[in-house]
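Colleague: Can you walk me through this one? I'd like to start with the core.

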Amino acid sequence: MCIVTISAMAQNKADIIVSYDFKTPCASGGERINKMTLLANSAESKYFNDISLWTDSLESTPEGKAKYDEIIRANCLVKDPEGYEYWDLTKGPVKNIYTYVFNNVADETLTHYDEWGDELMYYTEPLAEIQWRLVPDSVSPVIGYECQMAEADYHGRHWKVWFTTDLPLPFGPWKFRGLPGLVLKAETEGGFSFTATGLQGTDRIISQIYSSNEYKKTDRRKALADHEYFENNREAILKAQNGGQAKITYTDSAGNEIAPPVYEAHKHCLEPDYKMK
């Protein structure tokens, strides 16, 4: 267990940094585990991916963008045995997670920035939107902390979370908030889960998002519906954008061409309520 001191006056400095494994099912089959980070104090929090934050910080200035391009070229431009060059983006620190979630107690507001479809957008929602029910006699250890269970229905899914009052911060991974302690674990049906893998005290600044002018304000349900349409119509959209010159091929583990995977709200989206009437 890590002993963390919670400051009364945070002044945009975090008191704690927490690492989480975010597990989600893939439309193409199997599951994906993303490494996520939470910075929090008693008044605000920021949930994000560290590689994405590093990438965005570099690309926010011309000098940093040039440096990032140099890093990607050095790591991802490779040669095959015959000397032909090609890009392998799995070899470099490439941004593929666009999620940033900010909670602010004073404003009573959550702000979610992300990429839905192929557009950068954001929306807000009130902090009080999740109505928790504490579950008695449900204590369970998570990374050395004694945690109590709470449950809530939220945007189309029933969530079970485990929080610890040893760390009296009203936040957690993703959009979880409003409990009398830090959420260290959360799970719901379909294979979605968040699990803390480590935490420590910190004085890192809870900085705002880089290049905020590039994000367009949207409605949550519309953003999710637009994302589903994009996922299920990628090739048609690319053809429309490129004069008909586009083709996407999907293969299985043996290299055989297969049909495009189908994105379905109840299987692949954290918030499937946009499909509910």
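Colleague: How many residues are in the largest nonpolar core, and which have the most contacts inside it?

Modeller: The largest nonpolar core holds 41 residues, and W159, W174, F176, L182, L184 and F194 have the most contacts inside it. Such a core is a set of buried Ala, Val, Leu, Ile, Met, Phe, Trp, Tyr and Cys residues joined through side-chain atoms within 4.5 Å; buried means under 20% relative accessible area, with a 1.4 Å probe and protein chains only.

Colleague: Which element gives the largest share of this core?

Modeller: That is β11, with six residues.

Colleague: And what does W174 touch?

Modeller: Leaving out residues up to four places away in sequence, W174 touches Y47, V101, N103, H112, Y154, W159, F194, L270 and E271. Contact means heavy atoms within 4.5 Å.

Colleague: How far can I take the model?

Modeller: It is a predicted model, where local features need pLDDT of at least 70 and side-chain atom pairs count only at pLDDT 80 or more, while totals for chains, interfaces and linings use all residues. Residues are numbered from 1 along each chain as its sequence is written, and side-chain values use heavy atoms, with hydrogens and water left out.

Colleague: What does its side chain reach?

Modeller: The N41 side chain reaches the backbone nitrogen of E44 at 2.9 Å. A polar atom of that side chain also lies 2.7 Å from the backbone nitrogen of A43.

Colleague: How much of the chain is buried?

Modeller: Of its 277 residues, 43% count as buried.

Technical notes
Polar contact = N/O pair within 3.5 Å; in protein donor to acceptor, adjacent residues only side chain to side chain. Buried < 20%, exposed > 50% of the residue type's maximum accessible area, 1.4 Å probe, protein only. Helix = DSSP H or I, 4+ residues; strand = E, 2+ residues; numbered from the N terminus.
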